[in-house]
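Subject: Structure handover

Hi,

Here is the structure we talked about. Please look it over first, then read my notes below.

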Amino acid sequence: MLSIENLQGELTNKQLEEIVKKSLKDFASVKKVLLIHPDYTRTDFTDKLIPLIYQELKNKGMTKVDSLNAGGTHRAMTEEEIRSKLGLTSQINFDNYYNHEYNDSQQLMTMEEISSSFVEERTNGELSQSIPVVVNKLITEDYDLIIALSGTLPHESAGYAGGLKVFFPGISGPGVIDLLHWAAVLIGIPRIIGTVDNPAREVINKGSSYIFDQIKAPTISFNMVFEEKEHRVIPKGLFVGEELDGFIEAYKQASRVSSQLHVVYLDKPLKVAVQVIDKSYDEIWTAGKGSYKLQSPGVMAKGGEIIIYAPHIDCFHSRLEMDLALKQIGYHCKDYVKKYLESDPEFSKNIAAHAINVRGAGSFDANSGKEKFDFKVTLATGDS
């Protein structure tokens, strides 16, 4: 594994160029390359790395390069958005700009399944159901090299974002996305967010191991750690690993640095927290993370309030079917949603998980139909 970090300052373009060259030095005859990248909802310094990676591979004789947007259930990106995300100048042109469409069966293939016993053990008996490992089949095509980029910061469903999450669920099918997020919500955000090793990450690693069994090309992970100041993304760390074990080690090292940069400790719980949502988040589906991030024990005072301030947002989800489903279920505590699913078992577990994660901890009395919550959540958004 290769790494470079500067927590007190900033990684320079020269330093980034050097680690890119070291990472790619053994790939002298690469012709066809697939770059898997984060989507518009992820802040990182992909735009600094991709031109360096492109130039290095071009110098080695690369003749074809495709990109795959690992957007999960988020909306597709336009080619212009992808080019901006990747920092592509007018002199750099990719052959194909692919969006992962999680619900397009023509894009997907089934590789294996995670056993129900494994899932049951990781969720403390809350979920006894196998998870199919369904993924975008593009990664099994005849590429000479696959490069996956990801940013690392605390994440409610994986502990920290980055690494293997770009595959599972980033470019996975609806069953994976639904059940993985549902398993995570059953485990609970407080047990997951900000932890490097956790049951949800074990499920991600297990599913990814089946994916790597089917990938033919060498595969490299570039894990980015950064800070944001005055509308600038400041590179703080870059961790590079190869193949499954390398992905896991790079993720762990990146998470170590992220924990020092992105975790804030409070002297006392907050009575009111206003989360001002960046305009890159253009749906409540993603803006809801403003509530997710505050649900570690001791952050919000009992009876407190989280205000998600996003006047630019006017929909729950840009996909009409998901927007309607969110309006159908609303935002509720876990016990309410579990009861709801008893009467509608085909309802999307991913949407159900989102509803719970945004609303936060609470209790539900099935007899009275009433809920009680630990804190209030207010959506200060535009008309929908």
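Serine 296 lies in the loop between helix H10 (289–292) and strand S13 (300–310). Helices here are DSSP runs of H or I with at least four residues, strands are E runs of at least two, and both are numbered from the N terminus. Serine 296 is partly exposed, at 24% relative accessible area. Buried means under 20%, exposed means over 50%, and partly exposed is in between (1.4 Å probe, protein chains only). Phenylalanine 168 is 128 residues from serine 296 in sequence, and 24 Å from it in space, C-alpha to C-alpha.

A word on the source. This is a predicted model, where local features need pLDDT of at least 70, side-chain atom pairs count only at pLDDT 80 or more, and totals for chains, interfaces and linings use all residues. Residues are numbered from 1 along each chain as its sequence is written, and side-chain values use heavy atoms, with hydrogens and water left out.

Backbone points

Most residues other than glycine have a negative phi, and most peptide bonds are trans. Some places here depart from that. The peptide bond from phenylalanine 168 to proline 169 is cis, with omega near 25°. Proline 169 sits in the loop between strand S9 (159–160) and helix H5 (174–187). Asparagine 124 is not a glycine, yet has a positive phi of about 55°. The loop between helix H4 (116–122) and strand S6 (131–136) holds asparagine 124. Asparagine 124 counts as exposed because its relative accessibility is 59%. Glutamate 243 also is not a glycine and has a positive phi, about 60°. Glutamate 243 belongs to helix H8 (residues 243–262). At 34% relative accessibility, glutamate 243 counts as partly exposed.

Helix H8 and alanine 254

Alanine 254 is found in helix H8 too. Is alanine 254 buried or exposed? Alanine 254 is buried, with a relative accessible area of 0%. Setting aside neighbours within four places in sequence, alanine 254 is in contact with Thr152, Asn223, Val225 and Phe239. Contact means heavy atoms within 4.5 Å. Valine 225 is 29 residues from alanine 254 along the chain, and their C-alpha atoms are separated by 6.4 Å.

Helix H7

Helix H7 (residues 199–214) has 16 residues. From first C-alpha to last, H7 reaches 24 Å, close to the 22 Å expected at 1.5 Å a residue. The expected span is 1.5 Å times one less than the number of residues. The buried residues of H7 include Pro199, Arg201, Gly207 and Phe212. At the start of H7, a side-chain oxygen of asparagine 198 reaches to within 3.1 Å of the backbone nitrogen of alanine 200.

Cysteines

How many disulfides does the structure hold? It holds zero. A disulfide is counted when two cysteine sulfur atoms lie within 2.5 Å. Cysteine 315 is buried at 15% relative accessible area. Cysteine 333 is buried at 0%.

The whole chain

The chain has 13 helices and 16 strands. Buried residues make up 55% of its 384 residues. Its C-alpha trace spans about 70 × 45 × 35 Å along the principal axes. Of the contacts with a separation of 6 or more, 77% join residues 24 or more positions apart.

Regards

Note on methods: Polar contact = N/O pair within 3.5 Å; in protein donor to acceptor, adjacent residues only side chain to side chain.
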